[in-house]
Structures are given as C-alpha cells and as structure tokens.
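Subject: A structure to look through

Hello,

Here is the structure I said I would pass on to you. Have a look at it first, and then read on for what turned up.

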Amino acid sequence: MNADRLLAYYEQIADAPDAIARLRRFILDLAVRGKLVPQDPDDEPASELLKRIAAEKARLVKAGEIRKRDELPELAGGDQPFLVPSTWLWCRLGALGWTQTGTTPPKAKPEHYGDYIPFIKPGDLYPNHVDYSNEGLSKLGITESGRLATPGSILMVCIGTIGKCQRIERNCSFNQQINSLSPFSETDSRYLLAACQSEMFQRAAWETSARTTIAILNKGNWELLAVPLPPLAEQHRIVAKVDELMALCDQLEAARTEREASRDRLAAASLARLNAPDPETFEDDARFALNALPALTTRPDQIKALRQTILNLAVRGKLVPQDPSDEPASDNFAFNRPAIQGKLNIDIPANWRWVPVEDVADARLGKMLDKAKNKGRPYPYLRNTNVHWFDIRLDDLKTMLLEDTDFEEYRLRDGDVLICEGGHGIGRTAVWRGKSDNLVFQKALHRVRPSKQLDPDFFAQCCFVYFDEGIMQTYFTGVGIPHFTGRALSKLIFPLPPLAEQHRIVAKVDELMALCDQLEANLTNATSTRSRLLNALLAEALVPHDTRDLEAVE
C-alpha cells in the first residue's frame, strides 16, 4: 500500500482520537522496516558501512579520543525483531557510536553552574525539539563534573520515562537520567533518531528496563538494543521521506485543530444562546441548536455540555412552554423576596415560586453505622459511593443490623431523592426507583422525600444545576472536608413550577437525554469504526499482500 491509498481514506479516519499520532508512529515503523523508500541495488550494503564504522572506532581509540571497550556481541537470528531488506543489517545500538551516562554536578558547588553549556534533563526533551534554555553548566562544571555530548548526538531517557529521546544540534551536558549516543561519522544521526523513536525500539527499551519503584534501563542493556541499519545512502533517503511525511502530519494536525476549533465555536455559540436566551429568538435558537448539534458533536465533552444546557433550561422555565391552565405553585410558598445568594439569579415565570426544601419535602440523614450498638436483622444499605448523578449503583452493597422500628424509619420508598452529605462526591443526587423493598441508607446520605407538590426528578435536576453553577457549594460547611448538613439542605432555595409543568419538564428532559444517549452511542460507534479502519490500513501497509477487505470496517 502507498501513501496515496492511506490519504484516500484520511477523511474517514481523521477524527479517530489518536489518528495523527498513529500516523506518525506508522511512518517511523515503515522507515525502520525498509518499507518507506525503495531500495537501490547500487547502494553500498550496510555490511560495508559497518566495516568503515569499525575502522573509524579503531582510529579514534588509537588517537586517544575515545576509550577502548569490549566488543558487543553480534545479534543472533532469534534476537532480530523482524526481517529487513537484504542490503540491511541488524546491529547493536552501542556499536554505532560513543555512549555515555550523564551526571549532575554537586549543587553545593554553584560555581559549576552557569550559561557556558546547556544542561539537559528529561523535561527538556520534546517529540520534535530540545529546550536548551532551562539550566546550564559553567566551563568549570563541564570540565570537572559534566558529560559532553556533541551536535548530532542522541539523548535518551533511561530512568523514569524510558525511551523519551531527541537529537541535539549543539554541545550539551545532561543529567544521570539520560544516556547519550554520539554516532560515528558513517551513520546518519537523523536516521538513528527515527529508529530510536520507532515503536519497535521504544517497546524493546521498555521491556528491557528493570521496574521497581522507578523504571531503569542501565547503560549496558541500552547499548545491546537492536537497531536495523540500512545502507548510508538509503538512510539519507529515509530521513528526507520522514521529514516530508512528518510535515504532512503537521498540516493534517493543524487542519484537524482548526476544524475542531470551528466546531467548538459554533457549538459553544449555539449553547450560549440557549443558556442566556433572548425571548424573541429563543424558539429559533433552540430549533437550530437541536438540529445542528448532532453534526457538531465529535467529542464526549461536547455532549456533556449539551446535557448541562438541557438541564439549565429545564430549571429556568425555558425548556417547555408555560400553560396558563396549570394550577400555579401554591401561594403558601411565600419566599418571593429578591436574593442573589443561595439561589439562581434568574427571573422565573409568573406561576413559579421560590421555595426552601423544608416547605416541600421531608429531609433526613441516614442511619449511623455502629457495630457495638446496631442490633436486629441485616439489611442492605446505600452509602455515598453508591450514589452518582442521576444513577444509583447496586453492585457493591453492604449490610447493617436494624431493629424493625429503625428499618421502617430508614427504609427507602420509590421516588425518594438521595444526596451525598460529605466527602468525595458531596452533592451528588439521584432518585431511588424502588427495585427493592428492603433497602435502607447510611448517614453519609440525605433522603429527601418530596411532598405532592414536588416531582423528585425535577428536584434532582435542580440539584445538578445548583451544583454545576456553584450555588449548592455555598450551603456547604466545614474546613478541609466539606459537609452538606441537614439544616443547610432544608434551607436550600430553588424554583418550583406548577406540578403539571414539572411533569412536562421531566418528560422533555428524558426525551432530550435519550437523544444525547443516542449521540454518544453514534460517537462511540463512529470512533470504533474509524479506529478499525485505521488499524486495517496500517496493517495492510505492513503486509502488502494482505487482501483484507477494508470496506468491511467502514
């Protein structure tokens, strides 16, 4: 397969989450397998190149420029990760240049530090460049304590983030987490960087490292890693092609970024018009948003924003029209004075009322766990880890002992609203829908039992919006670990529509959330399809005679 075939499918795979990163790795994989550029029978084979490398090494040792070291063992057939073209050879990384492990001059000697030469650490190595600006050594520091790597050397992290590597373009020193390879002149250091960044080499480096508290690849094992060596002329052609294709990846990435930014701007503008609605244009804005957003949602966070907008509209009286025939929320709820703190800063419809929780519901905390005092029969109970936003999870229930009178007091009924009182997840709210008639709740949860004037699902939606807007948090108390006390919950002020409108709001929210579920399912399916197509394209490129049917995964 050639690049044209891959690019022909690009529009179908471009939105796969890691498409560009996979393409970059794929290019390097082709490069080290001899599949990126054609072989030229007139090229001097790599076996001759190795002879010249050995001669150069001997000359440098004789001149005293490098120390003599033991020869590295040749690679046996079983140590070769895959077959390479006949003009190539597998060799050890350490056979291709002079290697060192870095050092850090003593911090107690500040005179060793300065701006004479950059001092490189793992955080200074990036996928496509080296940051030389963070710290440096003085001339004394590099002379007495530092390690010098010359331009063209490969620096690779061998402690911690194993395999992170880059080629330097100036003299540098480096710390003990980094090994350096200064290639002999008969090797293209840019090709060696491509080989070291390839998935084949990165995997081998990681698998060879020792992992205790921190991963470590010692210098001896690092030097033994296998590298496929092409003829020198082919190395130059590979580097030129890699540069060309990486530049194309840069363009594709920039285009994707701009495409996503445009979608984000349009989606954000549509949602903003709904969250701050203009009464004269709201219906048109809502119609446009609901029609356009499915085409604009390509990421889960965009669907999350749509869900938040739906709920915001619901509790502001903007999701369904008011019906003048609805019986208004009772005038017994007299909390109508203006207040910024403790409630949404909105104007509510004329037949809605502001109410505190204590006026329309009975709220209480659950049963305290006390093994010494709790007696009776065991009952399964809910704790805060079971309660999530709009979802109660029953896969990890524990039991507590309760007397019959306590059981009746803490027994959950269909339509009870549960709210997390403290700790991780504080404020999370869900409605219990009675799948069990013997479930109770523990003290980490509030149970809010609505009166006939309050739909429990509408109240849960209000709780979400209040938390999302940061209003609920103003009711929390405590330093370090916040708590939502029963007294604070009873005073929480929220908007109450007529009961009939509450039911219509809940029904519309359910309808629109089902649409969001479908959008998420479509997004998951599309992402999976793009990933399968990308995998098939890359696999076909590595196995040219594979006749797999790519259309089967479209």
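This is a predicted model: local features need pLDDT of at least 70, side-chain atom pairs count only at pLDDT 80 or more; totals for chains, interfaces and linings use all residues.

Which residues of α11 meet α14? On the α11 side they are Gln308, Leu311, Asn312, Ala314 and Val315. They meet Phe458, Gln461, Cys462, Phe464, Val465 and Asp468 in α14.

**The chain as a whole**

Now a step back. The chain contains 16 helices and 22 strands. It has 554 residues, and 47% of them are buried. If you take the contacts between residues at least 6 apart in sequence, 75% join residues that are at least 24 apart. The accessible surface is about 27700 Å², and carbon and sulfur atoms account for 52% of that surface.

**A sheet of four strands**

Next, find the open sheet whose 4 strands come in the order β2-β8-β5-β6, with antiparallel pairing. β2 (97-101) and β6 (165-167) are its edge strands; each has a single partner strand, so one side of each is left without a neighbour in the sheet. From one strand to the next, the twist averages 15°.

Inside this sheet, strand β5 (residues 154-157) runs antiparallel to β8, and 4 bridges join them. One of the pairs to look for is Leu155, whose bridge partner in β8 is Ser180. Helix α6 (residues 189-197) packs on the sheet and touches β5, β6 and β8, with its direction at about 170° to that of β6.

Is Ser180 buried or exposed? Ser180 has a relative accessible area of 0%, and buried means under 20%, so Ser180 counts as buried. Apart from neighbours within four places in sequence, Ser180 is in contact with Trp98, Thr99, Gln100, Ala149, Ile154, Leu155, Phe174 and Trp222.

**Strand β3 and its partners**

Strand β3 and strand β7 (residues 173-174) pair in the parallel sense over 2 bridges. Strand β3 (residues 113-120) also pairs with strand β4 (residues 136-137), this time in the antiparallel sense over 3 bridges. There, Tyr113 has Leu137 in β4 as its bridge partner.

**A sheet of three strands**

Further along, 3 strands form an open sheet with mixed pairing, in the order β17-β14-β20. The edges are β17 (398-402) and β20 (440-441); each has a single partner strand, so one side of each has no neighbour in the sheet. Strand β14 (residues 377-382) pairs with β17 in the antiparallel sense over 5 bridges. Pro378 has Leu401 in β17 as its bridge partner.

**Two loop residues**

Which loop holds Asn386? Asn386 lies between β14 and β15 (387-388). With a relative accessible area of 2%, Asn386 is buried. Leaving aside neighbours within four places in sequence, its contacts are Tyr381, Asp391, Ile392, Arg393, Asp396 and Leu397. Asn386 and Cys420 are 34 residues apart in sequence, and 9.5 Å apart in space from C-alpha to C-alpha.

Phe390 lies in the loop between β15 and β16 (391-392). Its phi is near 60°, a positive value in a residue other than glycine. At 40% relative accessibility, Phe390 counts as partly exposed, whereas Asn386 is buried.

Enjoy exploring it!

Best wishes

Definitions and conventions. Residues are numbered from 1 along each chain as its sequence is written. Side-chain values use heavy atoms; hydrogens and water are left out. Two strands pair if DSSP finds at least two bridges between them. Buried means under 20% relative accessible area, exposed over 50%, partly exposed in between (1.4 Å probe, protein chains only). Contact means heavy atoms within 4.5 Å. Accessible areas come from the Shrake-Rupley method with a 1.4 Å probe; for residues, only the protein chains shown count as cover. Axes are lines fitted to C-alpha atoms, for helices over the stretch in contact, and angles run from 0 to 180 degrees between N-to-C directions.
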